[in-house]
Amino acid sequence: MKTIFLFLLTCNIALGEEAHTQALDMLFVMAASALVLLMTPALGLFYAGMVNRHNVLSTTLNSIMLYALIALQWIIIGYSLAFGDDWGLLIGGLNHLFLSDTDSTYKNIPQSLFAFFQMLFAVIGAAIITGSLVERMRFWVLLVFILCWSTFVYDILAHWVWGGGWLIHIGSLDFAGGGVVHIAAGVAGLVGCLMLGKRRFNQALLPHSLPLSFIGAILLWMGWLGFNSGSALSVNTTALNAFITTNFSVVGAMLSWMLIEWIKYGKPTLLGNITGIVAGLVAITPGAGFVTPFAAIIIGFCASPICFFAISFLKSKFGYDDTLDAFGLHGMGGIWGGIATGLFATSSVNEAMLEEAAGEGLFYSGDFTLLFMQIIAIVACFSLSALVSYIILKLIKCFTPLRVDIMQEENGLDQSLHGEIAYR
């Protein structure tokens, strides 16, 4: 902290107030990026603790390997498709291929730093999908699927919502990726697990290491503070509000998940607690910079019963094997978060919101316009991800099986695909 203070003081004296503000914003986004980077290995730990002990390493590898894959894709073409010059409100142009022409400033920070920060969003979105597919998808098939999904779904949605596309123009709001990241990834996971089919051997097994998942969940929580507050791209009251609302949403979600379990099963559990943490984090993401702290508690409190319903009822009702509930948590939590933004967003928290949005939330304005635009954005994110994910997997299936063979699945993917064993 002393080093940081001296750095800021030096900037203030040597460069003046304007340059000091830019340096402060740059340092803030760099710190937020470091936190968001933490989310990918944290998600790997969160997922790994909940699978069979013979699939721990493969599950972790799925998350961390995507960092390298998606980072390369983002540098080559992803950033350009998402934030390049707009083509017909549908997709970015090719003016930023290989991160070219990124020497300028983007909202008071270097554009190269903004590109890096946004790259981490693309990485974590891709990693979320793996939770639906673990324990049975072939590793190279997973890499091809995620690479195509990132190019033809994530990058396009990022342009629609943040890069100048049509969802910005109709006035929908998504502060940090409720639709772009969570709905899109959750839906891709749902399509993937439907096309893969159910696991043959592991469905009845309980999480092999809840302490490992607990560590992953806490690290996710920490990383999410950079994910949401960093999306303000500046040290200001919007960033502060996002920081506070992110934490308060978790408060509401943990409490309501505990109550649900206590009422239904008679016992609160650690698994339920950490699941509530993630549900609260997902739900507040689209509205973190637009809603009040008290509204955040309500959003989190309502997120848990919605996600619990998806995990405990919808999954058994429709018979899909969403291994680690990527759709139940991220898909359904993101949908609720988008709707909640249309209910609770207020200019008293973020005055700049009125310049972008179709209006204030229903509970503040009495006007359904913003809520309607939020629903349109949710449907757009859901539909694009579902359709393109299905097409990608269908095309891959024409050339090779999507899942491992019976013996590999029975023995676990750690040994059969990677030649490693987590526990001896």
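User: Which residues does Leu-354 touch, not counting residues up to four places away in sequence?
Analyst: In this predicted model, Leu-354 lies in helix α12, which spans residues 353–356. Contact here means heavy atoms within 4.5 Å. With residues up to four places away in sequence not counted, Leu-354 touches Ser-347 and Glu-360.

User: Is Leu-354 buried, partly exposed or exposed?
Analyst: Buried means under 20% relative accessible area, exposed means over 50%, and partly exposed lies in between. The relative accessible area of Leu-354 is 48%, so Leu-354 is partly exposed.

User: How many Å apart in space are Leu-354 and Gly-171, C-alpha to C-alpha?
Analyst: In sequence, Leu-354 and Gly-171 are 183 residues apart. In space, the C-alpha to C-alpha separation of Leu-354 and Gly-171 is 9.2 Å.

User: Is Thr-151 buried or exposed?
Analyst: Thr-151 has its place in helix α4, residues 139–161. Its relative accessible area is 15%. The limit for burial is under 20%, so Thr-151 is buried.

User: With which side chain does the side chain of Thr-151 make a polar contact?
Analyst: Not counting residues up to four places away in sequence, Thr-151 touches Gln-73, Leu-81 and Ile-156. The polar contact of the Thr-151 side chain, at 3.0 Å, is with the side chain of Gln-73.

User: Are α4 and α14 roughly parallel or roughly antiparallel to each other?
Analyst: The axes of α4 and α14 come within 10 Å and cross at roughly 155 degrees. Angles over 145 degrees count as roughly antiparallel. Therefore, α4 and α14 are roughly antiparallel.

User: How many nonpolar, polar and charged residues does the contact of α4 with α14 have?
Analyst: The crossing of α4 and α14 is right-handed. The contacting residues include Phe-145, Trp-149 and Trp-160 of α4 and Leu-384, Ser-385 and Ser-389 of α14. By class, this contact of α4 with α14 has 17 nonpolar, two polar and no charged residues.

User: How is α11 oriented to α14, roughly parallel or roughly antiparallel?
Analyst: Helix α11 (residues 326–344) packs with helix α14 (residues 369–397) at an angle of about 155 degrees, and their axes are 7 Å apart. That angle makes the orientation of α11 to α14 roughly antiparallel.

User: How many nonpolar, polar and charged residues are in the contact of α11 with α14?
Analyst: Helices α11 and α14 cross in a right-handed manner. Among the residues making the contact are Phe-327, Gly-338 and Thr-341 of α11, together with Gln-374 and Phe-382 of α14. By class, the contact of α11 with α14 has eight nonpolar, four polar and no charged residues.

Notes:
Residues are numbered from 1 along each chain as its sequence is written. This is a predicted model: local features need pLDDT of at least 70, side-chain atom pairs count only at pLDDT 80 or more; totals for chains, interfaces and linings use all residues. Side-chain values use heavy atoms; hydrogens and water are left out. Axes are lines fitted to C-alpha atoms, for helices over the stretch in contact, and angles run from 0 to 180 degrees between N-to-C directions. Helices (H or I, at least four residues) and strands (E, at least two) are DSSP runs, numbered from the N terminus. Angles under 35 degrees count as roughly parallel, over 145 as roughly antiparallel, 65 to 115 as roughly perpendicular and the rest as oblique. A crossing is left-handed if the near helix is turned anticlockwise from the far one by less than a right angle, and right-handed if clockwise. Ala, Val, Leu, Ile, Met, Phe, Trp, Tyr, Cys and Pro count as nonpolar, Asp, Glu, Lys and Arg as charged, and the others, Gly among them, as polar. Buried means under 20% relative accessible area, exposed over 50%, partly exposed in between (1.4 Å probe, protein chains only). A polar contact is a pair of N or O atoms within 3.5 Å; within protein, one must be able to donate a hydrogen and the other to accept it, and residues adjacent in sequence count only if both atoms are side-chain atoms.
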